[in-house]
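Subject: Structure handover

Hello,

Here is the structure for you to open. Please keep it on screen while you read.

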Amino acid sequence: MPEDRPMPNANLRVLLVAIEEVMGENGAKAVLNSGGLGRYIGNYPPNNTELGASFTDYGAAQQAVEDFYGPRGARAMLIRIGRATFRYTRQEQPAILGLAGLALKALPVGARMKSVLERITSAANKDVNLKAHLREEPDAYYYVNEECPCRWRPEHDKPACFVTVGVLQEAMLWATGKNYRVEEVACISNGASACVYRVPKQPIE
Ligand SMILES: [Zn+2]
């Protein structure tokens, strides 16, 4: 395992709140216990951007949800948790998504997508201790994280970062009112040098 990497308290907090929303209080407790995170039961990290949480713990919480449902069932649950994570983050701590004060209404849909993705990318670098960048191609945006909690998870035979997929899906829905088929096309836990998320410019019909 690489040396641990700190992340803001609020990032882990909203993930745990989202897990509890999707799995219920007892499900969340079971996941925290099995993930070696029992110290967080009834004691979620504070809602601030101090670097008091860690990539290890964030990854362990995701891994425990995956283990709870099994690899086949976990994908849909992790995406739901990611969607809830975006909603809570936007309400509780929009700074870590870079969305504070963002006015979208005047923009066309394509510009809204790009604007939100750019904000998320810069907040990821500035506040979340990720190494993120955004690439645009004619048909899609690619959101790239060169660091990811999945570096502290076991190796996977397929991309595993479905929480982030859910976060990006919900972000695009919030920005445009439409659903997009976001995919993680490369993943550190699957041997790639970065986690790469493709966000197509065309919504699902
Ligand atoms: Zn990944």
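Below are notes on the metal site, the aromatic pairs and the charges over rings.

This is a predicted model, where local features need pLDDT of at least 70, side-chain atom pairs count only at pLDDT 80 or more, and totals for chains, interfaces and linings use all residues. Residues are numbered from 1 along each chain as its sequence is written, and side-chain values use heavy atoms, leaving out hydrogens and water.

Start with the zinc ion. Its protein donors are Cys-161 (SG), Glu-184 (OE), Cys-187 (SG) and Cys-195 (SG), at 2.2 to 2.3 Å. (Donors are N, O and S atoms within 2.8 Å of the metal, or 3.2 Å for Na, K and Ca; water is not among the atoms, so sites may look incomplete.) The site is tetrahedral, with angles of 95 to 122° among the four donor atoms. (For four donors, that term needs all angles between 85 and 135 degrees.) Cys-161 and Cys-195 are both buried, meaning under 20% relative accessible area with a 1.4 Å probe, protein chains only.

Next, the aromatic rings. The whole structure holds four aromatic pairs. (Rings of Phe, Tyr and Trp, using the six-membered ring of Trp, pair if their centres lie within 6.5 Å.) One of them, Phe-68 with Tyr-69, is edge-to-face, a term for planes over 60 degrees apart.

Last, the charges. Arg-135 lies over the face of Tyr-142, 4.6 Å from the ring centre. Lys-201 has its charged end over the ring of Tyr-141, 5.0 Å from the centre. (This counts if NZ of Lys or CZ of Arg is within 6 Å of the ring centre and within 35 degrees of the ring normal.)

Best wishes

Notes:
Four donors count as tetrahedral if all angles lie between 85 and 135 degrees; four count as square planar and six as octahedral if opposite donors are over 155 degrees apart and all others between 65 and 115; anything else is irregular. Buried means under 20% relative accessible area, exposed over 50%, partly exposed in between (1.4 Å probe, protein chains only). Rings of Phe, Tyr and Trp (its six-membered ring) pair if their centres lie within 6.5 Å; planes under 30 degrees apart count as stacked, over 60 as edge-to-face and the rest as tilted.
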